[in-house]
Amino acid sequence: MQNESITTRVNELLKSANLDIAGADNAFYVRMISGCEEMHHLYDSIYKHHTYRDESFDNLAQSIIRAYSTRKDSLKARDSRKAGDIPWFLDNKITGMSLYVDRFAGNLKKLESKLDYFEELGVNFLHLMPVMQSPPDESDGGYAVSDFRTVDKRFGTTADLENLQAAMLERNMYLMLDIVLNHTSDRHEWAVKAKNGDARYMEYYYMYDDRTIPDQFEQSMPEIFPHSSPGNFTWSEACNKWVMTVFNYYQWDLNFTNPRVFVEMLDNIFFYANLGVDILRIDAPAFIWKKTGTTCQNLPEAHTLLQLIKKCVSLATPGMAILGEAIVAPKEIMRYFGTGEYSGKECDVAYNATHMALQWDALATGDSTVMIKSQHDLLQKPFGTTWITYTRCHDDIGLGYEDEAILEAGYSPYEHRRFMKNYYSGQYQGSTAKGALFAVNPKTQDARISGSLASLCGLEFGLEWQDESVIEQSIRKITMMQAHSMFLGGIPMLFYGDELGYCNDYSFMQDPAKSYDNRWMHRPVMDWIRNKRRTKEGTIENRIFTATQKLIQLRKSLSMVADHKNLTWIHTFNKHAAIYLRELNGQKLYCVFNFTKDQTSITWYAFKQNGPFGPEIYDHWTGSSFQIGSDYEHLMIEPYGFHLFGEL
Ligand code: GLC
């Protein structure tokens, strides 16, 4: 189709859609007419030569129109409120928590009764781990979806989810859900039809009669779960085919070279948008395009498809932001914000997985050099996009930061990573961390790290040995790590249980549906009797909860913490410490961290390098004020201590 005929075609579709083009729906109409060429251009750069090209483009346009037409007025009003020069999600007043509905509260209804708890803590944004239907025995924590549009009965009903969303909206809370884009469960209706030889649905997956093509793919594809699901293909007895399964053997990769797959998944995206999702977490987008001879990750076509998704969403449901869950090398992560003419026009949000891992690096080594040397790429994030900042989530900690940064810090990358693995899996003498290695690849010795924030910081060890000083130290580490990630810029995302110091839960080992995956050790079941201890002064729960609460409150009160690309790393002249400056409209906040078990000192000169500051400064964390000393005087920072310095 030529550009002119695209606009004509889209116009025809719009006109037959019973819209009030000159009135209430005019803004949408204008968006569609002015945006359809770009949308088509993106679409065609992938699907131009496909047999289903025209049919699928029509369906895509229809899907957008349907999504807009069926969007509730309340959501359309929220879209308008969110629109503005400065994207709503850059705000410093948003703090999130990621949780499993069943493990946190039991089900969706009960979760609704916990909204006061979030308010008490200061959390106003919830990421519900996957709630759509998924086979209980082979679910990958819900990431093997067997029905994208029906809430799994374990969690309740779709109506419960809608009620929860409405209740959250009343409290001005935000909601994040996942779309698992890369794969379905092998028990999804499409997979079942494919197994039964239905030609339409066989084209939805990558299926092969013999190993010829799978072997070609395997030559350059890494393994994601080498311990539990080695290789990237699984033999399906049901249809006598090799099926591509990059993650677990029961997660069948969708074939996005087929435009029908894209349109079906876009329609699912709109289904979530119209449930009232504020940020859509696109699970594993790095993997959605495959090509032999490549790693099948981060390919240009995957980015084009994300740009197309972003474009379609901005036309139909513009208030929903897109988060790309790309846990890949730092340089690659940056590309998910868009490059070239699409800079800032791909994903609105991405996980700062690099920095998350770097914080753990600094904590283990007591040396912030690798972390600081790695910042250059991360600072290139386009204005108008933001990070999810976090210390822990439901997944493992990967040590995928750049070798160059490790080398520049004077370490050998191999030995350094070996140290990190030993340190956090408790095999390093003197380490109080209690984690475990995850996804150990016997061929390469690569591994990632599982474990809860508290256990990795030594709380489990301290409790086991009833060692007060280790317990004390672990609480300091937990608080410092949280503070470091919460003021960095981006939306802080807490992981449930961490606000109360939950240690690892080893009961997963008794459950055959989980025992092969030790990430379950850091996905606790909340004990609400125990959680009451948060109000009893002096308990561990109370100390961690109130510290987290205070950090959230402070964050909300300090406008320079909003993500305006206003982060500067300060030279500390001391490798044990790290300082970053957040500055907005002339207001400065110096965030200062000590990553070691000993007191450390920082020359006051460090605070003068970026223009005048002081002479009297106020620590928002401790509530005390300091006089900035002369260049040869020092600020002493407590072991694992931190300060949040603003001007008085
Ligand atoms: C994402 C999820 C992870 C899951 C994987 C496969 O990385 O965070 O938990 O195993 O995707 O869906």
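1. Start with the second largest cavity. Its lining has 6 nonpolar, 3 polar and 1 charged residues. This is a predicted model, so treat each point below as a description of that model.

2. Which residues line the second largest cavity? They are Ser98, His127, Tyr351, Tyr390, Arg392, Cys393, His394, Met493, Leu494 and Phe495. Find these side chains on screen before reading on.

3. Strand β17, residues 491-495, gives the most to the lining of the second largest cavity. Its share is 3 residues. The space inside this cavity is about 50 Å³.

4. Now step back to the whole structure. How many cavities of 30 Å³ or more does a search find? The search finds 3. As background, a probe the size of a water molecule is rolled over the atoms to show where empty space is left.

5. The largest cavity has its own lining. Pro130, Val131, Met132, Val145, Leu177, Asp178, Ile179, Val180 and Tyr272 form it. By class, 8 of the lining residues are nonpolar, none is polar and 1 is charged. Asp counts as charged, so Asp178 is the charged residue in this list.

6. Which strand gives the most to the lining of the largest cavity? Strand β5 does, with 4 residues. This strand covers residues 174-180. Leu177, Asp178, Ile179 and Val180 of the lining fall in that range.

7. Turn to the ligand. The residues around it are Asp140, Tyr143, His183, Phe225, Phe247, Gln251, Arg281, Asp283, Glu325, His394, Asp395 and Arg519. This shell divides into 3 nonpolar, 3 polar and 6 charged residues. His394 is one of the residues around the ligand, and His394 also lines the second largest cavity.

8. Look at the oxygen atoms of the ligand. One lies 2.8 Å from an N or O atom in the side chain of Asp283. For Arg281, an oxygen atom of the ligand is 3.0 Å from a side-chain N or O atom. For Arg519, a polar side-chain atom lies 3.2 Å from an oxygen atom of the ligand. How much of the ligand does the protein bury? Taken alone, the ligand exposes 300 Å², and the protein buries 94% of that.

9. Last, the domains. The domain assignment gives domain 1 as 189-253 and domain 2 as 567-647. Their C-alpha centres lie 54 Å apart. Phe225, Phe247 and Gln251, from the shell around the ligand, have numbers within the bounds of domain 1.

Definitions and conventions. Residues are numbered from 1 along each chain as its sequence is written. This is a predicted model: local features need pLDDT of at least 70, side-chain atom pairs count only at pLDDT 80 or more; totals for chains, interfaces and linings use all residues. Side-chain values use heavy atoms; hydrogens and water are left out. Domain bounds come from an automatic or database domain assignment. On a 1 Å grid over the protein atoms alone, a cavity is a set of points where a 1.4 Å probe fits but cannot get out, and a pocket is an open set with protein on both sides within 12 Å along at least five of seven lines; lining residues have an atom within 4 Å of a point. Grid points are joined across faces, edges and corners, and a volume is the space filled by probe spheres set on the points. Helices (H or I, at least four residues) and strands (E, at least two) are DSSP runs, numbered from the N terminus. A residue is near a molecule or strand if one of its heavy atoms lies within 4 Å of it. A polar contact is a pair of N or O atoms within 3.5 Å; within protein, one must be able to donate a hydrogen and the other to accept it, and residues adjacent in sequence count only if both atoms are side-chain atoms. Accessible areas come from the Shrake-Rupley method with a 1.4 Å probe; for residues, only the protein chains shown count as cover.
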